[in-house]
Amino acid sequence: MVEGSMTQGAGQGPEMRTPTVRDFRVPAYVHEAGPYAQPPGPHPAPPGQYDRPAEPYDRSAEPYDQAADPYTGPPEPYVRSGSYAGGPPHGEAGVPAAEPEGYTPTERDLPVINRGDTVQMPVDPEAGQIPQPEEGPGPLYVVGDVHGYLDELVTALHEKGLIDLEGRWAAGTSRLWFLGDFTDRGPDGIGVIDLVMRLSAEAAAVGGYCKALMGNHELLLLGARRFGDTPVNSGAGTATFQAAWLLNGGQKTDMERLQDHHLQWMARLDAMELADGHLLVHSDTTAYLDYGDSIEAVNDTIRETLTRNDADECWDLFRKFTKRFAFRDDGGAQAVRSLLETYGGSRIVHGHSPIPYLRGEVGSEDGENSPPLAVEEPHVYADKLAIAMDGGVTMAGKLLVQQLPLDS
């Protein structure tokens with residue numbers, strides 16, 4: 001095992017003219033020996049997530065035992081019609097309404113957009129190599145929410161020259177940050193985590209780095225595994241992590257393949273970081289201010305909260321980082337400034353809120369039969385102080401990988 005590889009920093013240290021098509025659903029490297037390889041297969045492809053039948057729940061069954069069976073079925077009959085089934089209340093013209101006081105993620109979080117399962121992705125064999133500086137760190141890249149779409153992630157990283165056709169780190173001293181939300185809704189969240197962990201070690205070995213931030217779905221998956229059906233005080237009655245996980249796209253295949261090293265890696269992720277004057281966070285919320293007045297304090301407080309393993313504390317953390325839209329509309333720029341003044345940086349870069357949803361282009365379940373959403377680049381807003389990176393891969397949008405700084 002590479003020393004320090006369990007931490008997210010891992011060492012914070014013939015011509016073809018036609019694009020080929022490659023299925024990255026099960027990349028070759030996942031069968032190799034090593035600290036991040038999956039157990040020997042076969043690993044059946046996940047079922048179609050949009051035509052999953054209802055799963056009856058036997059209320060006479062024994063209480064949830066995560067050690068014996070980490071997935072025992074949902075607390076209510078469950079049918080998911082899309083990657084985002086339902087959404088919060090919405091205002092006029094399809095613009096999401098403001099979150100009510102005491103907002104809690106006990107309902108489906110975003111509108112229905114029927115993406116369909118992952119597909120084969122075109123891979124351009126002529127994708128360029130990233131120029132490397134003669135000295136000092138390489139260029140900085142950020143990746144928006146992946147949500148289990150491994151094929152799309154591999155394609156996007158290759159298009160930017162960050163990995164080669166075999167899925168290996170090819171970016172030398174470049175620096176790569178993932179903004180969180182690796183699992184849920186898409187078909188292969190554990191495959192995504194395995195890839196990020198491996199790239200972390202490969203990048204560190206050549207002087208670059210690949211790091212990741214904590215997203216609200218990492219908190220959700222950790223909670224579902226640790227606490228299962230244990231009731232928590234949600235602020236709006238009683239809830240459970242397992243019910244919230246299922247409601248918000250939890251995949252049975254991810255839970256079945258989740259191992260201790262995945263859990264340890266997720267629990268150690270930082271919540272925020274500063275890179276080249278960019279304050280990197282997952283959620284577009286000011287809730288980070290509740291956990292400390294410095295980046296180090298926030299990261300330490302959140303890790304300590306997870307270490308205490310208190311279900312209500314962990315739920316409150318998850319609830320706060322599920323909030324969104326703090327940087328939008330009136331007062332949004334000032335909310336960004338409050339974070340920048342506290343933690344440093346000249347711009348904030350976040351994921352979490354899909355750009356079509358953030359811009360009010362999708363705001364109701366009527367979007368279920370909408371055409372693919374034209375998201376080709378990050379969304380700059382809040383007096384150009386905020387950069388949104390979630391292209392809405394689960395909403396038929398694009399998985400964004402972007403070099404920083406932006407020109408605009």
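Q: On a 1 Å grid over the protein atoms alone, a cavity is a set of points where a 1.4 Å probe fits but cannot get out, and its lining residues have an atom within 4 Å of a point. Which residues line the second largest cavity?
A: This is a predicted model, in which local features need pLDDT of at least 70, side-chain atom pairs count only at pLDDT 80 or more, and totals for chains, interfaces and linings use all residues. Residues are numbered from 1 along each chain as its sequence is written, and side-chain values use heavy atoms, with hydrogens and water left out. The second largest cavity holds about 60 Å³ of space, a volume being the space filled by probe spheres set on grid points joined across faces, edges and corners. Its lining consists of Met 214, Gly 215, Asn 216, Leu 219, Ala 271, His 282, Ser 283, Tyr 288, Ile 302, Leu 317 and Phe 321.

Q: How many charged residues are in the lining of the second largest cavity?
A: Asp, Glu, Lys and Arg count as charged, Ala, Val, Leu, Ile, Met, Phe, Trp, Tyr, Cys and Pro as nonpolar, and the others, Gly among them, as polar. The lining has seven nonpolar and four polar residues, and the number of charged ones is none.

Q: Which residues of strand β9 are buried on each of its faces?
A: In a regular strand the side chains alternate between the two faces of the sheet. Strand β9 spans residues 278–281, and both of its faces are covered. The buried residues are His 278 and Leu 280 on one side, and on the other Leu 279 and Val 281.

Q: Which residue of β9 is the bridge partner of Met 272?
A: Two strands pair if DSSP finds at least two bridges between them. Strand β8 (residues 272–275) and β9 run antiparallel and are joined by four bridges. Ala 275 stands opposite His 278. In the hairpin, which has two residues between the strands, Asp 276 takes a positive phi near 50 degrees, while the partner of Met 272 is Val 281.

Q: Is His 147 buried or exposed?
A: His 147 is in the loop between β3 (140–143) and α1 (150–159). Its phi is positive, about 50 degrees, although His 147 is not a glycine. Because its relative accessible area is 2%, His 147 counts as buried.

Q: Is Lys 384 buried or exposed?
A: Lys 384 lies in the loop between β11 and β12 (386–388). This residue, which is other than glycine, has a positive phi near 65 degrees. Its relative accessibility is 54%, so Lys 384 counts as exposed.

Q: Which residues does His 379 contact, leaving aside its neighbours within four places in sequence?
A: His 379 lies in strand β11 (residues 379–381). At 18% relative accessibility, it counts as buried. Its contacts are Ile 355, Leu 358, Arg 359, Ala 386, Ile 387 and Ala 388.

Q: At what distance does the side chain of Thr 307 reach the backbone oxygen of Arg 303?
A: Thr 307 is found in helix α7 and counts as exposed at 64% relative accessibility. A polar contact is a pair of N or O atoms within 3.5 Å; within protein, one must be able to donate a hydrogen and the other to accept it, and residues adjacent in sequence count only if both atoms are side-chain atoms. For the side chain of Thr 307 and the backbone oxygen of Arg 303 the distance is 2.8 Å.

Q: Near what omega is the cis peptide bond from Leu 404 to Pro 405?
A: Pro 405 lies in the segment after β13 (401–404). The bond from Leu 404 to Pro 405 is cis, and its omega is near 5 degrees.

Note on methods. 1 Å grid on protein atoms, 1.4 Å probe; cavity = no way out; pocket = protein on both sides within 12 Å on 5 of 7 lines; lining within 4 Å. Buried < 20%, exposed > 50% of the residue type's maximum accessible area, 1.4 Å probe, protein only. Contact = heavy atoms within 4.5 Å.
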